[in-house]
Amino acid sequence: MSATTNTGLSRLQLWLALGAGAVSVLGLALALVAGDAPVHLLAFLLLGTATLLRLRLPVPLWIDGLLMLMGAIALLLTLPLFVAEPSYFWLALLACWAFAWLFVERLSQAIRTRQLSGRVFGLLIPVLFGVALLFIWEVVTRGANVPQVLLPAPSQIWTRLLASVPTLVADFQQTFLKAVLAGYAMGCGAGFIVAILVDRSPFLKRGLLPIGNFVSALPIIGIAPIMVMWFGFDWQSKAAVVVAMTFFPMLVNTVAGLNQASSIERDLMRTYAASYSQTLLKLRLPAAAPFIFNALKINSTLALIGAIVAEFFGTPIVGMGFRISTEVGKLNIDLVWAEIAVAAVAGSAFYGVIALIERAVTFWHPSVRGGRA
Amino acid sequence: MQQLLAGKTAPILIVLLAIGLFWYAAAIWMNAPWQTTLNQRAGLENVSATEFIGQTWSQDKPVLPAPHQVAGEIWNATVGTDIASKRSLAYHASITLSATLLGFALGTLLGIGLAVVIVHNDASERSLMPWIIASQTIPILAIAPMVVVGLGAVGVTGLLPKALISMYLSFFPVVVGMVKGLRTPEAIQLDLMHTYSATPWQVFSKLRWPASIPFLFASMKVGVAISLIGAVVGELSNNAGGGLGVRLLTGSYNGQTIQIWAALFIAAALAAVLVIAVGAAEKLANRAMGVRA
């Protein structure tokens with residue numbers, strides 16, 4: 001317990017600190033024995049060893065962050081020097097990772113105890129995690145010579161992405177701008193209109209809703225080969241798959257949302273002698289908006305998946321799914337990853353745009369108001 | 001009659017009946033052009049309307065097979081064929097099912113494990129949660145062919161690559177649901193455990209875990225459905241392995257529409273059975289935990 005009070009570290013943090021220091025000592029010893037270690041790596045390991053002094057005097061958390069950064073740079077500089085990385089290199093990676101974890105652990109503790117602002121530094125942690133993941137991916141794939149067909153390094157993927165921008169743009173246009181957007185608009189629109197029609201008949205509602213819920217759980221993506229036969233190889237067949245995939249979530253969510261307005265609110269509309277369409281437009285649709293946007297968000301992901309997978313079944317020689325399936329066959333895995341990176345960015349941006357519209361439209365909803373306060 | 005209509009069964013049956021009728025009508029309409037060509041080639045003239053309709057419902061490779069054709073194919077390919085045979089749909093369904101279940105089990109375990117870590121460690125929540133949510137917006141299924149081929153290149157083939165895709169898809173809903181579920185105990189309940197001087201493990205096993213069970217089953221229902229999708233899509237990239245996805249793919253290459261529809265319906269039935277099984281497990285768990293319906 002005395003160590004805990006001296007250093008101001010929790011038990012997990014103390015173990016991490018001791019581990020980082022011990023690994024640094026071991027790495028330093030091995031590096032000195034081997035004698036071929038570059039200066040920057042030696043400096044990092046030496047400073048890492050020096051942090052063991054924290055058992056005597058407190059070390060601010062920024063030192064851990066700085067060590068993490070320094071270790072990362074030293075590792076990246078060492079990477080091209082060897083064909084097969086020596087053991088102290090991996091120990092340095094381990095130490096660097098331990099410093100990163102310790103830093104994040106101490107940072108989140110500082111945020112929890114309100115020593116640091118959560119708004120600024122809370123964002124730093126996930127960013128750091130993402131960068132660390134990319135970094136470890138890069139160092140491990142290049143350092144351990146992972147076969148490129150299994151996993152290319154991020155830097156390789158990035159160069160490939162820059163080199164094949166025209167291909168990627170053409171694929172993006174074919175899949176996203178044509179198939180996904182058209183199918184998404186038609187599927188969500190149809191689901192919305194059918195939901196409003198169905199809503200007028202309680203009988204249909206009872207009959208269609210369980211079926212709609214059931215269909216939502218089915219592997220609808222399997223209709224892709226049928227749609228390719230019906231609508232041909234071009235984007236129309238992919239849009240048809242997207243329509244089928246997005247229709248039911250929209251239908252089910254809109255019908256559920258239209259039931260959200262409470263009877264007391266409907267009674268109020270009745271005392272105003274509001275017509276059906278007035279009640280619908282002024283009360284029930286706004287009340288249903290959170291549900292409708294939920295469906296729109298679910299569908300944004302589904303639409304992209306549907307269009308990409310449908311292209312596995314046949315397409316003109318352009319499109320994200322086509323590129324992925326053919327380049328995998330040619331073992332051009334870095335181009336596949338580049339395509340996936342584009343798909344990921346497109347998917348997140350699509351989702352983000354809808355989430356922004358949702359915030360603007362459902363500004364009155366508790367979840368949005370709570371988010372702003 | 002009034003009572004019957006007020007329930008759910010009658011409306012569902014009527015809607016299903018309407019879909020069936022619509023399907024038969026669409027089959028006539030969509031198959032008619034090709035049937036006319038066929039009849040002209042065969043030199044058949046003056047085919048009566050009923051005979052023509054019968055013809056459109058019994059083509060070899062129809063644009064839209066009639067429901068009874070699909071049902072017949074399912075019957076032939078399951079009951080009528082030896083299970084070990086490669087033409088048996090039961091054989092292919094069992095391959096897909098085993099990949100789905102393995103992936104689903106792995107995904108659920110991984111999801112629960114991650115959720116436990118996230119709930120108990122502040123730093124990992126701050127680092128992991130935003131990425132887990134962001135990854136929901138990414139079309140993950142697109143990596144399926146790469147996983148299959150990449151792992152195949154280093155010698156991992158068969159069930160595992162497909163199961164990994166299923167795992168990858170099914171762990172997201174479990175993490176998100178379980179983090180919510182493990183957080184449902186209120187401060188007052190946690191305080192009570194504190195006054196009992198309960199260890200962290202006791203707090204977890206006696207309070208957090210039981211409180212999260214409803215969330216676990218809700219997530220598992222979503223997870224099992226997308227596990228199946230993952231397994232089917234994983235099969236699209238590996239023609240040799242067999243499975244419902246391979247049936248879809250070979251059917252689409254050979255224009256065997258009836259085969260595609262049969263595989264599709266088996267996949268749908270599989271999804272339904274899996275979701276219902278998770279629902280049944282939920283009921284059993286609820287009863288064992290003394291939840292009143």
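In helix H11 of chain B, the buried residues are Leu244(B), Gly245(B), Val246(B), Arg247(B), Leu248(B), Leu249(B), Gly251(B) and Ser252(B). That's 8 of the 11 residues in the helix, which spans 244-254, so call H11(B) mostly covered. Bear in mind that this is a predicted model.

**Helix H11 of chain B**
- What do the buried residues of H11(B) pack against? On the chain B side, the partners are helix H5 (89-120), helix H10 (200-235) and helix H12 (257-288). Chain A joins in too, with its own H10.

**Where chain A meets chain B**
- The contact involves 48 residues of chain A and 45 residues of chain B.
- On the chain A side, the elements giving two or more residues are helices H5 (87-112), H6 (118-143), H9 (202-216), H10 (224-231), H13 (276-310), H14 (320-329) and H15 (333-361).
- H15(A) supplies the largest share of that side, at 8 residues.
- Sorted by class, the chain A side comes out as 36 nonpolar, 9 polar and 3 charged residues.

**Nonpolar cores**
- The largest nonpolar core has 134 residues, and the members touching the most others are Val241(A), Val242(A) and Leu228(B).
- Helix H11 of chain A (residues 235-258) is the top contributor to this core, giving 15 residues.
- Which residues does Val242(A) touch, leaving out those up to four places away in sequence? The list is Ala179(A), Val180(A), Gly183(A), Tyr184(A), Gly187(A), Ala303(A), Gly306(A) and Ala307(A).
- Another core, of 38 residues, lies apart from the largest one; its members include Ala31(A), Ala74(A), Ala95(A) and Val139(A).

**H11 and H13 of chain A**
- The axes of H11(A) and H13(A) come within 8 Å, crossing at roughly 160 degrees.
- Why do H11(A) and H13(A) count as roughly antiparallel? Angles over 145 degrees fall in that class, and the crossing here is at roughly 160 degrees, so the two helices are roughly antiparallel to each other.
- As for handedness, H11(A) and H13(A) make a right-handed crossing.
- The residues in the contact of H11(A) with H13(A) split into 17 nonpolar, 8 polar and 2 charged.

Conventions
Residues numbered from 1 in each chain as written. Chains lettered and ligands numbered in written order. Predicted model: local features only at pLDDT ≥ 70, side-chain atom pairs only at ≥ 80, totals over all residues. Contact = placed C-beta atoms within 7 Å. Helix = DSSP H or I, 4+ residues; strand = E, 2+ residues; numbered from the N terminus. Nonpolar A, V, L, I, M, F, W, Y, C, P; charged D, E, K, R; others polar. Buried ≥ 20, exposed ≤ 12 C-beta atoms within 10 Å, placed from the backbone. Core = buried A, V, L, I, M, F, W, Y, C linked by C-beta atoms within 7 Å. Axes fitted to C-alpha atoms, helices over the stretch in contact; angles between N-to-C directions. Parallel < 35°, antiparallel > 145°, perpendicular 65-115°, else oblique. Left-handed = near helix turned anticlockwise from the far one by under 90°.
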